[in-house]
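Colleague: I have not looked at this one before. Can you walk me through it?

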Amino acid sequence: MTEIPASSSKEESEKKIVYSETFEPLDLESENKVLQDELNKLEQENRVAYSGLKQAQDETALLKDMFTKASGELESLKKPSLLVGEVGTIFPKNKAIVKLPNGNKFYSHVSVEIKGLKPGDTVLVDQKSLNVVEKIEVCDELDVEKFVIVNKPTESWKEIGGLTKEIQEVKEVIELPLKKPELFKKIGIKPPKGILLYGPPGTGKTLLAKAVANSTQATFIEVVGSELVQKFIGEGAKLVKEMFNLAKAKAPSIVFIDEIDAIASVRMENGTSGEREVNRTFMQLLAELDGFNNLDNVKIIGATNRIDILDQAIIRPGRLDRLIEVGLPDEKGRLEILKVHSKEMNLQKVKLKDLSEAMTNFSGAEIRAACTEAGYFAIRKNRDHVTHDDFLKAIEKVRFEEEEDLQKGFYG
Ligand SMILES: Nc1ncnc2c1ncn2[C@@H]1O[C@H](COP(=O)(O)OP(=O)(O)OP(=O)(O)O)[C@@H](O)[C@H]1O
Ligand SMILES: [Mg+2]
């Protein structure tokens, strides 16, 4: 309250009172408003801070969760993996013989938690102690049809240019015994079990094998040697066995082993497990070759580019003892192949004979490539027919590419 000075007049004092009465509440009110605003602002700030805190808390929880998961994963990654083995004989007191895929056998302890273990079961084995930790259910049946190509080829003899002598030989050794086994019985000779086709790449080895399968209506079972040893580690020998079982079940059939050198090359004997694996696969192949009868309606065709490194055991009598060389075609052969591949092409003034002359050292595959290229030259020129010149350019291109590949060492 404002004091009224004694000396001041009544009028003055009245004025003062009026003054103070008018202004004081206003002052308070505005102060109040300022405070209220301040409070509002603080409350607002508080709300923002609170929501920030909440967000940070949520984030912390999330990060914690991620951390736990990551450290859990890290823990599992650090743990050594378990070996997969196969149970052999089971002994009392939780003991069993366990065979690992590398062929080694161990007399191991079996965890008491595993019930009803039988020989042949698949189990997980600790790497260090080699004890059996767990039993697992795996699809034990190696579905051989998944690993090999089984089909009835459509290639016919007509699609092969040249190779007259080779075709004749393949017909004698593979086709005739499959078609007329009684002929061989009557004469009293045993036809070879299989043949080995060898020669440079792209000369028609696979084509020959497919054509003979087609002409005999035989099931064609194809497997690539390098895949057998690289893709199916530990399964190679088993696969070979299953493959021959399949061939017998689907007879008449032809087992075609491409790149046979990958399993049947002269061994270095360096004793690595990969080496042992290849050896086992090879041994199994020999055992299968020896195991079945010559007239069993199953024929084997091997193919290789590297006869020089092949183990002689595979070509011993009674195995793949008929060797057929499929070499680069001569000029006449090239002309025949050219005819096969240009048969469907719309040619104009093309002298095939001159072209086959220009294709020195071309393989069948290269001749086919030249035909395709010639077609492309015509397409680029917006023509619907192929000219002699297109072919000459195509030959040049294919030859250039072949030389480039050779320089890069594509063929080893
Ligand atoms: N004599 C031929 N007649 C017709 N076409 C051929 C002939 N030789 C090869 N070819 C063509 O080349 C392609 C490849 O031939 P193929 O696969 O038979 O060669 P390969 O000898 O098995 O080669 P690789 O050793 O590389 O496996 C065939 O699909 C075919 O189009
Ligand atoms: Mg081939």
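Modeller: Let us start with Lys-339, which is found in helix H10. Helices (H or I, at least four residues) and strands (E, at least two) are DSSP runs, numbered from the N terminus. This is a predicted model, where local features need pLDDT of at least 70, side-chain atom pairs count only at pLDDT 80 or more, and totals for chains, interfaces and linings use all residues. Residues are numbered from 1 along each chain as its sequence is written, while chains are lettered from A and ligands numbered from 1 in the order in which they are written.

Colleague: Why does Lys-339 count as partly exposed?

Modeller: Lys-339 is partly exposed because 13 other C-beta atoms lie within 10 Å. A residue is buried if 20 or more other C-beta atoms lie within 10 Å of its own, exposed if 12 or fewer, and partly exposed in between, with C-beta atoms placed from the backbone.

Colleague: Which residues is Lys-339 in contact with, leaving aside its neighbours within four places in sequence?

Modeller: Gly-161 and Leu-352. Contact means that the C-beta atoms of two residues, placed from the backbone, lie within 7 Å. Ile-160 is 179 residues from Lys-339 in sequence, and their C-alpha atoms are 9.9 Å apart in space.

Colleague: And the chain as a whole?

Modeller: The chain has 13 helices and 13 strands. Of its 412 residues, 28% count as buried. Among contacts between residues at least 6 apart in sequence, 70% join residues at least 24 apart.

Colleague: What is the order of the five strands in the open sheet?

Modeller: The order is S3-S2-S1-S4-S5, with antiparallel pairing. Two strands pair if DSSP finds at least two bridges between them. Strand S3 (105-109) and strand S5 (132-136) are the edges, each pairing on one side only.

Colleague: How many bridges join S1 to S4?

Modeller: Four bridges link strand S1 (residues 83-91) with strand S4 (residues 122-125). Leu-83 has Val-125 in S4 as its bridge partner.

Colleague: Now the helices. At what angle do H3 and H5 cross?

Modeller: Roughly 35°, and the axes of helix H3 (residues 164-179) and helix H5 (residues 205-216) come within 10 Å. Axes are lines fitted to C-alpha atoms, for helices over the stretch in contact, and angles run from 0 to 180 degrees between N-to-C directions. Residues of H3 such as Ile-167, Val-170 and Ile-174 are among those that meet a set in H5 including Leu-208 and Val-212.

Colleague: Next, the ligand. Which residues come nearest to ligand 1?

Modeller: Pro-201, Gly-204, Lys-205, Thr-206 and Gly-364 come nearest, of the 18 residues around ligand 1. A residue is near a molecule if its C-beta atom, placed from the backbone, lies within 6 Å of it. H5, helix H10 (331-342) and helix H12 (364-380) each supply at least two residues of the shell.

Colleague: Is Lys-93 buried or exposed?

Modeller: Lys-93 counts as exposed, because it has 6 C-beta neighbours inside 10 Å. Lys-93 is in the loop between S1 and strand S2 (95-99).
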